[in-house]
Every structure is written in structure tokens, then in C-alpha cells.
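Reader: Hi! I'm new to reading protein models, could you walk me through this one?
Author: Happy to, let's look at it together.

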Amino acid sequence: MAKITARAAGKGPQHRCTECGWTTARWVGRCGECLTWGSVAEVGAPKLTQIPSSIPANKARPIAQVSADQARRMQTGIAELDRVLGEGIVPGAVVLLAGEPGVGKSTLLLEAAARWARAGRTTLYVSGEESAAQVRLRAGRTNALADRLFLAAETELATVLGHIEEVEPSLLVVDSIQTIGTAEADGSPGGVTQVREVTAALVRVAKRRGMAVIIVGHVTKDGAIAGPRMLEHLVDVVLAFDGDRHSGFRMVRATKNRFGPADEVGCFEMAEHGIVEIPDPSGLFTSRHEEPVPGTCVAVTMEGRRPLLAEVQALVAATSIAQPRRVMNGVDAGRMAMVLAVLERRCQLKMYAADVYVSTVGGARVSDPSADLAAAIAVASAERGASVRQRVVAIGEVGLAGELRRVPGIERRLAEAARLGFTEAVVPAETRAARDRMTSVRHGLRVHAVPTLSHALQVLSIVPRAARSADPLGEAGGAAG
């Protein structure tokens, strides 16, 4: 009883999670709060210490009197990467680039380091996964050689800091943070404590020297950045590099950016001689048909603030099995199940006795709800065998009642479609009133504003205008268009 009382009073040994601070009276392998494995360690009883105040070396002053010249952005030389960073990288900023193995992180950063060095600025590339000779071989293949690009293969933090003091770079690239370790922290390189300590040390030296730092991070099998969650809080910018292994298309997305927009996207393509930026990627996700083909429709999605065209293709085939197949590639299976239910219930299309296959062109991944209308039109076109007119785009979110909901950035999407040669568009109407069901000309496009999915199918002549659907939002037929 005395032992239990002492432990309850906090006099016995305590164990605390190094990630979230959760405490427990005995050691456990997994934190009960953040569910992190191996982060619970024994700590002593908390001690209350008095920290004396000190005179600051630099006095605080009004924010308007602080010069912003030292934080002026510098271009990396890769326009698509600069676009995501916010038109360049800020001196002293620490950037974390994470992605799956083989996606091209090292190739992209080696190219960025080479272009930075060609601009007359000293660059240090630290490789913890490859030898210096291996990195040199890849640089020769991708033409990433520069006189002011210094290369070091190191895995010890103290040695990396020594290279920084000797080379005095304005840009440091560390590939990767999970391979760098320090004797000042417990655990092996790549562990929670090691990653946190190494990153904190690099952040301190970056702020002190005004040196930009780009760190490569690994991801887990769930797609999350490996290491402690605090890693994303320590850095200034978090970039996600993703793409399909079977396609050369790659995207860099900003999920956190203290110095610019956090919703920008940069587009690249993996080629034989390295990675190539794609300033206009819309043509990668559409196909050219000499004649109209049933089961195709083009959507205009938004990747960050960039409009991209993506073609959705569908195939509907009769089946005799009790549970028809639903195969989705590049689109969200849950949203497509909802779209199929709306087509059957609101538009009287028989989907229950047919296999449905839906795919995107070029390996695009479409998660924008604005592609619902294009997917629904493609499926309906395939089911009826009616072709959609060429050079038509469809923009809109489909609701469960069959209504079309407006999506942000309609004007920007229409302008992008017009720039690429499309002549006709179907968009949601402003309201459900009959006066808003009209056809107008915007950005050189013939735009049909329709309130429901059934009206959209009638405007495109996929279903006859004389047909009456089970549309609960108002009359169908001649009111559309």
C-alpha cells in the first residue's frame, strides 16, 4: 500500500512520451495518446528551477522598422519549384521534401542544386544514402554538374556542420534526414529522437547563417512523413512529391508554407536525361479523337490555383452476375458510387445490371468534386451509346438530389478551357429558377447553365428532351437550354 501511495504521489519513477508528453507510471511500448511506438522513456521527478533573466543582445523594435532585405527571395532556377515555394526560396528557410522511394526526389534536388550553383552561388549537397561517386554518376547522366556545387557523403551531424563551416554555402541539400545521426541523442539514425535533434540543429544553423536548407524526408506505407510529427512543425515549408510509378508525370504540392501560398502545385515529367518541368500539363490528361466516341467527357479540375483539364472515360457493359463490377482508376470510388446511384435514381438509367468501368487518361488522379459532372456524363454517354460533342467540357459537383452545385474558380476554369481550344461548356446554374437556365457566351465559350444532372444530359442530347426524369428540383425537358 505504501508503494502505491508513493507512486500515486509522483515520488516513484515516471515514464513520458517524447512526442506528446503523455505520462504513465510504468513503461509501455506504445504511447497511449499519440500511439507512437518506442517513444515512452523513464524520466526523473520534475524539478522546479528558476531561470535568471538576461539582457538581450538585440533589443526588440517596432515591426515596421525591421528590414526585409535579408529575407528577399532567391530563384532556384526551376520555375515549377519556385512556383510552389512562392516565387523563390527565402534565405534561412528550411524546406522538407517528402515522397515515396523512386519518385525522383534526389534527381529533382540535384538539378536544383546545380542550377543554384550555376547562378554563382555556393551549394553543398550532402548525401547520406549514396556515395560521392554514385551521386557524381547520376549528375553526369542528368547534366547536373557545376563548379560551385560541392558534394559530401556523410552520415554524422557533426561532420556535416563542419562541412558547412568550411564551404559556407548559401544552399544546403540533405538527402536524407533519416540517414543523419548524432552522438548527442539516443537511438539510431532515423529514430524519433535522432530525427528531431538533427532537424533542430539544421534549423538553428540555417537561421544563424541565413542559409537555405532543403531536407529530403522518407514517407511511411500510409503516405505520411516518417519521423515525429514535430518535424513538420520545425521546418518552414513542407512539400509532397508524388506521382504514378507507371507514368512519368510528377507533382510537387505545398502542404505548409510560411512564406507563400500553401495550395500551389508544380508539374514535372521524368525523362531519360532527368526531370523536366512542365509549365502547361493540361495536354497530358486528354486524348485526341477524330470522331466523337461514346463514354468520354473532359473535366476542368483545380490543382491548387492551377486549372488542369482531365478526360474521364467510361465503359458500361451488360452482365449476368448478381453483383456487377465497379472498377475505378484515377477517380474516387466512393464519389463514383454516389454518381452511379444518382444516375439510376434521378435520371432513370439502368446501372444495376451492368458492369461500369471508369478511368482517367494519362494516369491523372482526380479528386476534385468538380469532376462529378464529367464522370456522370461519361457514364451516361456509355450507357446510352450517345457520343458527347467534341470540344465540350463539363464542370460541376453532383448532389444526391440530382442537383448541380457550383464550384470555386468557374471563370478561371472556363478561361483555361477556351485557351486550349474548347468551344462549349456545361456548368451549374446560379439558381434553380427558369430564368437562369440559359446559354451564354463567356471567354469565347458557349456556356450552358443547367440546374440538375438530368438537364445537363438533355442539353448534350444524351437523353431525349421529351423524356421526363424523376427530378425533384423542378420541371425537366424544354426548360433546359
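What follows is a chat about cysteines, charged pairs, strands and a helix in this structure.

Reader: What should I know before we start?
Author: This is a predicted model, where local features need pLDDT of at least 70 and side-chain atom pairs count only at pLDDT 80 or more, while totals for chains, interfaces and linings use all residues. Residues are numbered from 1 along each chain as its sequence is written, and side-chain values use heavy atoms, with hydrogens and water left out.

Reader: Is C17 buried or exposed?
Author: C17 counts as buried because its relative accessibility is 2%. Buried means under 20% relative accessible area, exposed means over 50%, and partly exposed is in between (1.4 Å probe, protein chains only). C297 is buried too, with a relative accessible area of 3%.

Reader: Switching topic: how many salt bridges are there in the whole structure?
Author: A search finds 22 salt bridges. To count, a side-chain nitrogen of Lys or Arg must be within 4 Å of a carboxyl oxygen of Asp or Glu. As background, side chains of opposite charge can pair when their charged atoms come close.

Reader: Which residue does R138 pair with?
Author: R138 forms a salt bridge with E130, and their closest N and O atoms are 2.4 Å apart. R138 is buried, at 10% relative accessible area, whereas E130 is partly exposed, at 25%.

Reader: What about R209, which partner does that one have?
Author: R209 has a salt bridge with E165, with 3.3 Å between the closest N and O atoms. This pair links distant parts of the chain: R209 is in helix α6 (residues 192–209) and E165 is in helix α5 (residues 157–167), 44 residues apart. Helices (H or I, at least four residues) and strands (E, at least two) are DSSP runs, numbered from the N terminus. R209 is partly exposed at 28% relative accessible area, and E165 is partly exposed at 42%.

Reader: Where do R335 and D372 sit in the chain?
Author: The side chains of R335 and D372 meet in a salt bridge, at 2.4 Å from N to O. R335 is in helix α8 (residues 333–346) and D372 in helix α9 (residues 372–384), so the pair links distant parts of the chain, 37 residues apart. Salt bridges that share partners join R335, D372, E397, E403 and R405 into one network. R335 is partly exposed, with a relative accessible area of 24%, but D372 counts as buried at 5%.

Reader: You mentioned α9. How many of its residues are buried?
Author: 11 of the 13 residues of α9 are buried, so this helix is largely enclosed by the rest of the structure. Among them are L373, I377 and V379. After α9 comes G385, whose phi is positive, near 70°.

Reader: Now strands! Why is β8 called largely enclosed?
Author: Strand β8 (residues 212–217) is largely enclosed by the rest of the structure because 6 of its 6 residues are buried. A212, I214 and V216 point one way, while V213, I215 and G217 point the other way.

Reader: Which strands pair with β8?
Author: Strand β4 (residues 94–99) pairs with β8 in the parallel sense over 5 bridges, and L97 stands opposite V216. Two strands pair if DSSP finds at least two bridges between them. Strand β7 (residues 171–175) and β8 also pair in the parallel sense, over 4 bridges, with V174 opposite I215.

Reader: One last thing: in what order do the 8 strands of the open sheet run?
Author: The order is β15-β16-β14-β13-β17-β20-β22-β21, and the pairing is mixed. The edge strands are β15 (326–329) and β21 (439–442), each of which pairs on one side only. Within this sheet, strand β17 (residues 392–394) and strand β20 (residues 424–428) pair in the parallel sense over 3 bridges, and V393 has A425 as its bridge partner in β20.
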